Amino acid sequence: MAAVEVRNGYKYYGSKKNPKIVLNQLNMNVMRGSIYGLLGASGCGKTTLLSCIVGQRNLNGGEVTVLGVKPGQPGSGVPGSRVGFMPQEIALVEEMTVKETLFYFGRIYGLTDDRIREKFKILKDLLQLPSAGQMIKQCSGGQQRRLSFACAMIHDPELLILDEPTVGLDPMLREKIWDFLVETTRNSKLAVIITTHYIEEAKQANYIGLMRNGVLLAEDTPTNIMIKFGTQSIEDAFLILSQRQGNEDQLNQIMSHGKSQTLPAAAPLPTEVIDVHEPTAEKPPLPYVEPQNDNGKKIFFTTKGRLKAMMTKNFVQLFRQPSGIIFMMLFPIIQLSCFYMAIGKTPKNLELGVYSGEVSSYAECFDESLQTIYTVNDTCRFNKLSCRYIQALGDDIATRKYYPSEEAAYADARKANTVGYIYFSHNFSASVYEYIEDSIYASDGAIDNSEIVVHIDMTDQQVGYFMQRKLRDTFSTFMNTVVRECNVSAALVKLPVQFQDPIYGSTDIEFQQYCAPGVVMTMVFFLATLMTAAVFISERMDGIWDRTLLAGVSATEMLWGHLLTQLIIMALQSFEVIVYIGIVFDTYNNGDTTTLIGLLTLTAFCGMLFGLFISVFCKSHTEANFVATGAFYPMIILCGLLWPLESMPAFLQDLVMVLPFTIPSISARNVIEKGWSITHEKVYNGFLVMAGWTIIFFVLCLMGIRRKA
Ligand SMILES: Nc1ncnc2c1ncn2[C@@H]1O[C@H](COP(=O)(O)OP(=O)(O)OP(=O)(O)O)[C@@H](O)[C@H]1O
C-alpha cells in the first residue's frame, strides 16, 4: 500500500507570468514498510517536493496523497503526529537542553511524559545522543543532527521524512542509522523518505528515485536501476539518465525557440520505471484519531501538552540567554533610573554673574555686622540692600560669581562662562527706599534704579526659564522680608494676582511628573515590541516555527502560546516598574495602583502585538529594527509627552488622539494626579484606545500568519 503518492506534481516559485518551475509533472510512489531514497543534485527540487508531501507547501498542479489523505486536511494528522520530519537545517532551540527538546516535540505530538521518557532512553542509546542536560548550543553539529533526527522519530510516526539526515555524521553512525531504518521498516509499516548526497549509501534503500530538474527520471529498486542501465553503480545510472534528460532539454529548447513566453505547459519526461510496486489498495483510509492522554487533553485553544511545550520553550528561550533577562527585567530598571535621575530636575552647578554698584568689596555682603535695614526716627533706612538679595539668592541653582564692573560681567557672559548676570545700580538701596516711601510719587530715576537688571543667555530655554524663575522667586522673598521689617503693607510689593491652591496637583509640580506616565508607557511598549519581533524572527529564521507547524501545531495555537507567555512576562514587568518607581524614586499615586498596572500591562501587550505585526511582515532582524525605530520617534513626539498637544495644528491634534499613547498617557496621568478611577470616562478611554490597537494588531497578525502558513 502506498504511503505517499504524487501524481503529475507541478510546482513553481515566483509569479505565474515568470515562473521558476521546480517540480515538473512529477510522479512518485512510496510504499509502506519501505525506505525510499530520493537522490538528486543540489537545487533539483528535493526539499520542495518533501515540503509539498508534508503539507508545508501546496502544489500548483497535480495531487499528493499521504497515508491515504490530502496533506493539510483537518484531522488528517498530516502535517502532524502521523509524520516525522527532519528538515535540512537543525531547527532546534539553542537554549534548550537535549531532554527539554525531546519533551518539547513529544508533548506537541501528544505523547505522555512517561512515554517520552521511555523513548528518550531508546533513542539516546541508538543515536548516541549527548547527556540529557546538555544545551543544544553546546552540542557539536553531528550531535545536533542526531537530536534533530530523534525529534522526528519520538512519536513513532507512520511516515518519516528525512532531508539529508546523515550529512556531517561519521561513517559508523551513518551505518548505524541506516541499519536502524532498514530494521524498523522491515518489521513495521513505517515508510521512510530520505534524501542524501551519498548515493552509495542509498543502495540500502528499498526504492530509489533519481531526480533532476524537477523531474523524477527513474524510480525503482537499486538493483533494478543498475540492471536496467547496465551499470555497476547507481551513480553511473544517474549519469546516463542525466545525459538523456540534457539532450531532451536541448531539443525542447530548440522546438520552443521563438514561441511566446506563457506559463510553460508541463512537458513530462517519462519516468523510466514507474509503479513497479504492488497496486495501491483502494480501501478508504481509516479516520485518524489523535492520542488521548493527559498531554492530549484539549484546553481552551490547544492541548495541555502543546501549551506546556510551547510556553516552556518560550520561557527557556527568553530566560536562558542573558540578553533576555537583561532586556525584560533590567532594561526597565536602567531606563527608569536614567529617566528619573536625568529628566525634569532643577538644574544645578551653573554660574551666574553678579555686579552691585553699591559695594566696593563683596566680602562686605557677608560681614555679619552688616545691617541692610535699620531704623532712624521710626523710619526704615536701607544700606547695601543688594547684599540682602545676593545672600538670599544662594548657590543652589547657580554659583554666584562677582564682578568689579558690569562690563566685566557682560564680557564673561558673552564668552558663555556664566549663564548671565544680574546688576544693581550704585544707588539701589536709596532707590528702593524712595520707591517704597513715595510709591506712585517716586521719580522715574528711583523706579529704574530700584530694579534688578538681569541678562540671561536664553539659547538654552530650560536653563533660562529656571534662572528667571529663581531670580523672580528670590525677589519676591527679598521684598516681602524688607517690607515686613519696615512695617509696610506687603500688598505694595506683590503682584495683584493671587494663585490659590491648585484644583489638582501642586504648585511646584515638576516636568518629570508630567511626562513620567508617557515615558513609562512608551518604554514598556517598545521593549515588548523589540523583544517580540526578535523572538519571532529568530524562530522563523532558525526553522523552529516551520518545524512546529509541521508537527501539527497551527499558527493560531503558536500565536496564542506566545501571547500567553508574554502576557505573564508583561504583567511581571509592569508590576516591577510600578513598584520600582514607587519605592526608589518616591513617586506618588493618588489613584488605584491596580488600574495603573492593568493599563501598563495592556500597553506592553499591545507593544508585543506590534512587534509580532512587524515580524510577520519583515524578513530580517534589520528590517524589523528599521520599522520599530521608525515608528518609535513619531509616536513619542506626537503623543504630547514632550510638548503640549494644544500647541499642535488642529488637524494634527485630532489625528494624534487615535495614536496608541496619546489618550492612554492622559488616562494614566489622571489616575496618578487626579486620583480618578477606571469608571471615569477620562480613564477608561485610555484602556479603550489601547485595547483597540491591540485588537487591530492582533487581527493583522493573524491574517499575516495564516496567509504565510
Ligand atoms: N522559496 C523559494 N523561492 C524561490 N525559489 C526557491 C525557493 N525555495 C527553493 N527555491 C529554488 O528552487 C530550486 C529547488 O530548491 P530545493 O531546495 O527544493 O532543492 P534541493 O534539491 O532540495 O537542493 P539541496 O539538495 O541543495 O537542498 C532551487 O533552484 C532553489 O533556488
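Modeller: Gladly! Let's start with touching: two residues are in contact if their C-beta atoms, placed from the backbone, lie within 7 Å. Keep in mind that this is a predicted model.

Biologist: Which residues does Leu 350 touch, leaving out those up to four places away in sequence?

Modeller: Leu 350, which lies in strand E12, touches Ile 397, Ala 398, Val 419 and Val 463.

Biologist: Why is Leu 350 called partly exposed?

Modeller: Count the other C-beta atoms within 10 Å: Leu 350 has 18. A buried residue needs 20 or more, and an exposed one has 12 or fewer. The count of 18 falls in between, so Leu 350 is partly exposed.

Biologist: How do you know that the span of helix H14 agrees with its number of residues?

Modeller: H14 runs over residues 461–485, which is 25 residues. At 1.5 Å a residue it should span 36 Å, and its end C-alpha atoms are 36 Å apart, so the two values agree.

Biologist: Which residues of H14 are buried, and what do they pack against?

Modeller: The buried ones are Met 467, Leu 471, Phe 478 and Val 482. Their packing partners include strand E12 (350–356), helix H10 (385–393) and strand E17 (453–456). As for the spacing along a helix, an α-helix has 3.6 residues a turn, so residues three or four places apart point the same way. Just after H14, Asn 487 takes a positive phi of about 55°.

Biologist: What makes strand E8 mostly covered?

Modeller: Six of the six residues in E8 (207–212) are buried. Tyr 207, Gly 209 and Met 211 point one way, Ile 208, Leu 210 and Arg 212 the other way, and all are buried.

Biologist: How do you know that E8 pairs with strand E3 and with strand E9?

Modeller: Pairing takes at least two bridges. E3 (residues 35–40) and E8 have five, in the parallel sense, with Leu 39 opposite Leu 210. E8 and E9 (residues 215–220) also have five, in the antiparallel sense, and Gly 209 has Glu 219 as its bridge partner there. Both pairs therefore meet the cut-off. In the E8–E9 hairpin, two residues sit between the strands, and Asn 213 takes a positive phi near 50°.

Biologist: What does the model show where the unreviewed UniProt entry annotates "transmembrane region" at residues 558–585 and 684–705?

Modeller: Residues 558–585 are 96% helix and 0% strand, with end C-alpha atoms 39 Å apart. Residues 684–705 are 100% helix and 0% strand, and their end C-alpha atoms lie 31 Å apart.

Technical notes:
Residues are numbered from 1 along each chain as its sequence is written. This is a predicted model: local features need pLDDT of at least 70, side-chain atom pairs count only at pLDDT 80 or more; totals for chains, interfaces and linings use all residues. Helices (H or I, at least four residues) and strands (E, at least two) are DSSP runs, numbered from the N terminus. The expected span of a helix is 1.5 Å times one less than its number of residues.
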